[in-house]
Amino acid sequence: MFNRREMLAATAAAASTYGLGSFPAGWADDKTGKRRKVLMYTRSEGYQHASVSRDKAEYGPAELVLMDLGQKHGFDVYATKDGSVFTPENIAKYDAFFFYTQGDLSKAQSRDESPPVSAEGKAAFLQAIKDGKGFVATHSASDTYHSPEHYGKNQFVNQPNRDPYIEMIGGEFIKHGPQQVAKMVIADPKFPGLEDRSKSFEMHDEWYSLKNFADDLHVVLIQETAGMKGSDYDRPNFPATWARKHGKGRVFYSSMGHRADVWTNPIFQNLILGALSWATGNVNADITPNLRQVTPEFATMPPAPKKKK
């Protein structure tokens, strides 16, 4: 676990390691001069990642990183695990929402003993995104509000009756294999926050195998599966990071973010800054759907696990 001082030191060390004296300008200032407000929501119902675990601290490592980025780049971040904040009145206060969540957020019990999101709160939140609010999410946000019968008989096939949250975010978690170094292929080098990167990069993280991709995805990063360890990646390349429109709202998701050291990595931080700047309307990006062009075999699922005798 990082405290604020350790987190800042790790960020500086990562910048030096990756040859960056300072972070590129991933966040573009709002022309109106009004500071953007971002609600970071990190409730975990089934499994709580260490990156968002507060473990007797005021905030988790990922929360500290995003709040610090906000201070440096001129936007305000409010981090909470309290699902009762999702009311129309509170939702209206924010320009964008950042989710690092897990599980069914409507369930009363959670790993962090926080209040759940009501059915009315979920509906109000999804409507707010459709009406134009921004949404940025990482890692287990795709392991949230699963489609009906996600676990079990249809885990390895596309689910036609997708949960409305899954419809909004644009993809759904299946499983993951062991943490490992893997390659992200950059499908859109012009997306905000990636302008200074080469055609690909490698990172050590816990990589998700995903399904139920929205037809209109604009794929930003591709999971290169060749050479990866684990049957969950025994499939062709598939989207790992994307952007899309949900009604009038701008939606961004990346499967990265399990490990605390990913959150201090300049590549990841600059991508998140660019995503937030785009999601809040500070910058524009061409998000023409490219799912079938850059990941033509995206719908090929990994093999189902062998049944125990």
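**View 1. The surroundings of S142 in the predicted model.** S142 touches I166, I169, G171, E172, F173, Y208, L210 and Y253, leaving aside residues up to four places away in sequence; contact here means heavy atoms within 4.5 Å. This is a predicted model, in which local features need pLDDT of at least 70 and side-chain atom pairs count only at pLDDT 80 or more, while totals for chains, interfaces and linings use all residues. Residues are numbered from 1 along each chain as its sequence is written, and side-chain values use heavy atoms, with hydrogens and water left out. You will find S142 in the loop between strand 4 and helix 5; helices (H or I, at least four residues) and strands (E, at least two) are DSSP runs, numbered from the N terminus. With a relative accessible area of 0%, S142 is buried. Buried means under 20% relative accessible area, exposed over 50%, and partly exposed in between, using a 1.4 Å probe and protein chains only. The side chains of S142 and Y253 form a polar contact at 2.8 Å. Such a contact is a pair of N or O atoms within 3.5 Å; within protein, one must be able to donate a hydrogen and the other to accept it, and residues adjacent in sequence count only if both atoms are side-chain atoms.

**View 2. P160, in the loop between strand 4 (134-138) and helix 5 (164-169).** P148 is twelve residues from P160 in sequence, and their C-alpha atoms are 9.6 Å apart in space.

**View 3. S51, in the loop between strand 1 and helix 2.** S51 is buried, with a relative accessible area of 1%. Its side chain has a polar atom 3.4 Å from the backbone nitrogen of A260. Not counting residues up to four places away in sequence, S51 touches residues including G60, P61, Y100, H258 and W263.

View 4. Follow the strands in the order 2-1-3-4-11-10-9-6-7, with mixed pairing; two strands pair if DSSP finds at least two bridges between them. Strand 2 (76-80) and strand 7 (200-205) stand at the edges with a single partner strand each, so one side of each has no neighbour in the sheet. From one strand to the next, the twist averages 20 degrees. Helix 2 (residues 61-73) lies across strand 1 (37-41), strand 2 and strand 3 (96-99), and runs at about 165 degrees to strand 2. For these angles, axes are lines fitted to C-alpha atoms, for helices over the stretch in contact, and angles run from 0 to 180 degrees between N-to-C directions.

**View 5. Strand 9 (residues 218-224) beside strand 10 (residues 238-246).** These two strands run antiparallel and are joined by five bridges. To get your bearings, look for V219, which stands opposite W242 in strand 10.

**View 6. Helix 7 (residues 266-279) and its two ends.** The 14 residues of helix 7 reach 20 Å from the first C-alpha to the last, close to the 20 Å expected at 1.5 Å a residue; the expected span is 1.5 Å times one less than the number of residues. Helix 7 is mostly covered, with 14 of its 14 residues buried. Just after helix 7, G281 takes a positive phi of about 85 degrees.
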